[in-house]
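Biologist: I would like to learn how to read a few local features in a model, one after another. Could you take me through them with the structure open?

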Amino acid sequence: MRTRLRAMTLAMITLVGAGGAIAPTTPAVATVRDTAAASPVTIEATDDTYASQASPAKPHDTQTWLSACAATCDGAAGSERLAYVRFTVKDLPANAANVTMTLNLRPARTTDTTIEVRPVTGTWTAAALTWDNRPATGSPLATRTGLTSGETVKLDVSSAFAGNGTYSFAITSAKGAQGVLHSSRATAGEGPTLTVGYDTQTAAPGPLPFDLPSTSTLRASSRKVFAHYFTPYPVSLNNKAGADDYYTKNYLNPAGEGGKHAAYGGLLRDRPLPRGVLSGDWQLADMKTEVRTAVAAGLDGFTVDVLSLNSANWDRLKVLVKAAEAVDPGFRIVPMPDMTSLSADAATLAASMAELAASRSVYRLPDKRLVISPFKAENKPVAWWQSFIKIMKDKYGITVALVPVFLNFSANASAFAPISYGFSNWGNRSPAQQSGIESNIAKAHSLNKIWMQPVSVQDERPNQSIYDEANNTENLRLTWAKSISGGADWIQLATWNDFSEGTQFVPSVHNGHAYLDISSYYLTWLKTGKAPAITRDTLYLTHRTQKVATRPSLGTQTRFMAPRSATSTPRDKVEVLSFLTRDATVKATIGGASQSYAAKAGVQAQLFPLAYGVNKASVGSVTVSSPWEVKQEFSVQDLQYHAVSSGRR
């Protein structure tokens, strides 16, 4: 049985038509998967007429022609003419892209006229428009010099496009003879028209290989997915950037914190994604970022390791609760008193848990019972927990739903059953050790308890000189698959951010969002009862940056990690994990050597021997390139698998 030892140290454009202002909005599309040209649509004018300065009070809405002439028309002062046309664009699809609009005019005479097309910025009707009440116009959209009788003039007015709506244009003349154009009342087919062309596009709403259901849909499921939050490793420890960031300066640096981590090459091998210096309450801002990230991945909440009741870790827990309240009160915080580090008596623990319970973000069941999920619950006898539960009820009016997390589930299940709502264990981090998942779930259900199954990526502990062999993403996929097939009620991702154990799901420097993105696929499967349809080809590439048997030839490290007993046999492999919409050929470059393989539609893992150099893979236009070079010489032993996704840039 394994033990867990903590390392505590769209732009809007407005045009004016007969009914007044319209404000169609075109949404901006960040990424596009595919486009296809649609057949252009030609629209006839709904209204057209002209106004003459020489007859300022007279409408011309019955004429079969339109006129546009400069201020001195045909040599006569005070005889300018302006034509007006209006169109209604409708039924343009929401996914229209690269939209073009062309104004088509048919001249009735051949002249040297220079005409301009301007947007109309005032209201008008054909029956009432005269020179005296003519509407205002904007700057020219297009210009044309020379008109030929019977030859269509095409003027590009695409810059006026603003979605479905009414478009009103004025045709003015800068110089030349009077331009005479057919109106909508002329012979059929000779009047003004507007041609609208566009492509249809398929939007890629995100980086995942499938369409993640809405938060409300996911939360409607009785199955819950939490991530274990470890308060010592928030986004930032000192609100610094670059070399002054505490992670960089002290945890990743073998000489950090006075050199106390030098023997094992530094406390950590990975860290949260760095950020710049923040103003104001930066700790709350960071916690809000973490909550948003978890919500976006489909998680229901955090199980939070309660390491103390009066230290910086306790303060961070309370900030996290505050962040959840502010970002999404539906995101739940589950207190997890850590019985390997807490020395408080039952009454003291009850007082602190009651303090947390005042928040609406702290998780309660539909019947209002407060969920408390102690880590290594067996460190205290059942009687101690009975006392805690009684104090919570008698003194604070809070009924507890206890979900103990055991290191030894089978030895403690029967004793804890009478006082527990559900069970969990801390689990293992290697494919070779996952055979008992379904039997644990079945045992919990036989005792009428829910089961919270741990799902994990990997485990690497430099300061404890031990690691688990995760077999790239195999351990992650296997623990998810067995959770689903076995009927787990809840999931605990172990862990969100325990970088000292190398078990993090949180977006990090070495892993990006890869492990969290993969988990979004499986949690959707768990919650909906079926595997999500793959809608976007996506590749995940995982590998170590050094071979497991190679020791550092540089640096000063003297203590090294060894595989945990009973873990999977350590291996040196590169894995391409493909999520494909169809059968396809995947091309891979492993250590500089190119190769390819036939991949099936769906989810498939392909392995290659680890080689020195760089790794990448592609399918069609989808490419994933690892920024992590595999090296023969290095200064620090690091046996974590690095991960990168084609869906993230």
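Biologist: Which residue does the disulfide join to Cys69?

Modeller: In general, a disulfide is a covalent bond between the sulfur atoms of two cysteines. In this predicted model, Cys69 is joined to Cys73, with an S to S distance of 2.0 Å, and a search of the whole structure finds one disulfide.

Biologist: Why is the disulfide of Cys69 and Cys73 right-handed?

Modeller: The handedness is read from the torsion about the S-S bond, which is about 100 degrees here, so the disulfide is right-handed. As for its two ends, Cys69 counts as buried because its relative accessibility is 0%, and Cys73 counts as buried at 6%.

Biologist: What is the volume of the second largest pocket, and which residues lie nearest its centre?

Modeller: The general idea is that rolling a probe the size of a water molecule over the atoms shows where empty space is left. In this case the second largest pocket has a volume of about 430 Å³, and its lining comprises 18 residues, with His510, Thr545, Val636, Asp638 and His642 lying nearest the centre. By residue class, that lining divides into six nonpolar, six polar and six charged residues.

Biologist: Is Asp245 buried or exposed, and with which side chain does its own side chain make a polar contact?

Modeller: Asp245, which lies in the loop between strand S15 (224-229) and helix H2 (246-251), counts as buried because its relative accessibility is 3%, and buried means under 20%. Its side chain makes a polar contact of 2.7 Å with the side chain of Arg271. Leaving aside neighbours within four places in sequence, Asp245 is in contact with Ser236, Asn238, Lys240 and Arg271.

Key
Residues are numbered from 1 along each chain as its sequence is written. This is a predicted model: local features need pLDDT of at least 70, side-chain atom pairs count only at pLDDT 80 or more; totals for chains, interfaces and linings use all residues. Side-chain values use heavy atoms; hydrogens and water are left out. A disulfide is a pair of cysteine sulfur atoms within 2.5 Å. Buried means under 20% relative accessible area, exposed over 50%, partly exposed in between (1.4 Å probe, protein chains only). On a 1 Å grid over the protein atoms alone, a cavity is a set of points where a 1.4 Å probe fits but cannot get out, and a pocket is an open set with protein on both sides within 12 Å along at least five of seven lines; lining residues have an atom within 4 Å of a point. Grid points are joined across faces, edges and corners, and a volume is the space filled by probe spheres set on the points. Ala, Val, Leu, Ile, Met, Phe, Trp, Tyr, Cys and Pro count as nonpolar, Asp, Glu, Lys and Arg as charged, and the others, Gly among them, as polar. Helices (H or I, at least four residues) and strands (E, at least two) are DSSP runs, numbered from the N terminus. A polar contact is a pair of N or O atoms within 3.5 Å; within protein, one must be able to donate a hydrogen and the other to accept it, and residues adjacent in sequence count only if both atoms are side-chain atoms. Contact means heavy atoms within 4.5 Å.
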